[in-house]
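Here is a friendly walk through one protein chain, written for reading with the model open beside you. Start by turning the structure around on your screen.

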Amino acid sequence: MIAKCASISIDGTRVILPVTSPCNKVIQYYDCTIICGHRGNVAQMLAFENGKSELQWPNSNHNELPGKAVDVMAYPINWFDYQRSAHFAGFAIGIAENMGIQLRWGGD
């Protein structure tokens, strides 16, 4: 896992993105919205039980304060448009790579 990462949920898959400047660059070209940031104990356990997280409380980057993870999707949200979601993920990964930051996407 990369330090200062964000988990971005795209149609049930996860993209790992730094919380710092790549997100600021992505939003300049691609409208997106934060779905989830910090998760408390109950929210993390529900995310784990529903298969939205592989980690239980308090082991997720979502559980730290300040949080080290956010779930982001292209806006407007279309949960069924995998092609658009994949494009968004690829765009965000490309921005980060140009900044020398390595990302991992769970959808590939």
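Which exposed residues does helix 3 carry on the face turned away from its buried side? They are Gln83, Glu97 and Asn98, where exposed means over 50% relative accessible area, buried under 20% and partly exposed in between (1.4 Å probe, protein chains only).

## Before you start

This is a predicted model, in which local features need pLDDT of at least 70 and side-chain atom pairs count only at pLDDT 80 or more, while totals for chains, interfaces and linings use all residues. Residues are numbered from 1 along each chain as its sequence is written, and side-chain values use heavy atoms, with hydrogens and water left out.

## The overall layout

The chain has three helices and five strands. These are DSSP runs numbered from the N terminus, with helices being H or I of at least four residues and strands being E of at least two.

Of the 108 residues in the chain, 36% are buried. Contact here means heavy atoms within 4.5 Å. Among the contacts with a separation of 6 or more, 62% are between residues 24 or more positions apart.

Helix 3 covers residues 82-98, which is 17 residues. From first C-alpha to last it reaches 24 Å, close to the 24 Å expected at 1.5 Å a residue; the expected span is 1.5 Å times one less than the number of residues.

The buried residues of helix 3 are Ser85, Phe88, Ala89, Ala92, Ile93, Ile95 and Ala96. Looking down the axis, you will find that these buried residues fall within an arc of 160 degrees, so they line one face of the helix. That arc is taken from the directions that run from the helix axis to the C-beta atoms. After helix 3 comes Gly100, with a positive phi near 80 degrees.

## Aromatic rings around Phe91

Rings of Phe, Tyr and Trp (its six-membered ring) pair if their centres lie within 6.5 Å; planes under 30 degrees apart count as stacked, over 60 as edge-to-face and the rest as tilted. The count by this rule is three aromatic pairs. In one of them, Tyr29 and Phe91 are edge-to-face, at 6.1 Å centre to centre and with 65 degrees between the planes. This pair links distant parts of the chain, with Tyr29 in helix 1 (residues 21-29) and Phe91 in helix 3, 62 residues apart. Tyr29 counts as exposed at 61% relative accessibility, and Phe91 is partly exposed with a relative accessible area of 26%.

How far apart are the ring centres of Tyr30 and Phe91? They are 5.6 Å apart, and the planes meet at 50 degrees, so this pair is tilted. Tyr30 sits in the loop between helix 1 and strand 3 and Phe91 in helix 3, so the pair ties together parts 61 residues apart in sequence. Tyr30 is buried, at 13% relative accessible area. Ring pairs join Tyr29, Tyr30, Phe88 and Phe91 into a cluster.

Strand 4 pairs with strand 3 (residues 32-36) in the antiparallel sense over four bridges, where pairing needs at least two DSSP bridges between the strands. Asp71 in strand 4 is the bridge partner of Cys36.

There are two cis peptide bonds to look up here. One runs from Trp57 to Pro58, with omega near 0 degrees, and Pro58 lies in the loop between helix 2 (41-49) and strand 4 (71-74). Another runs from Tyr75 to Pro76, also with omega near 0 degrees, and Pro76 is in the loop between strand 4 and helix 3.

## A buried serine in a loop

Is Ser60 buried or exposed? Ser60 is buried, with a relative accessible area of 3%, and is found in the loop between helix 2 and strand 4. A polar atom of the Ser60 side chain lies 3.0 Å from the backbone nitrogen of His62. Leaving aside residues up to four places away in sequence, Ser60 touches Arg39, Gln44 and Leu55.

Terms used. Polar contact = N/O pair within 3.5 Å; in protein donor to acceptor, adjacent residues only side chain to side chain.
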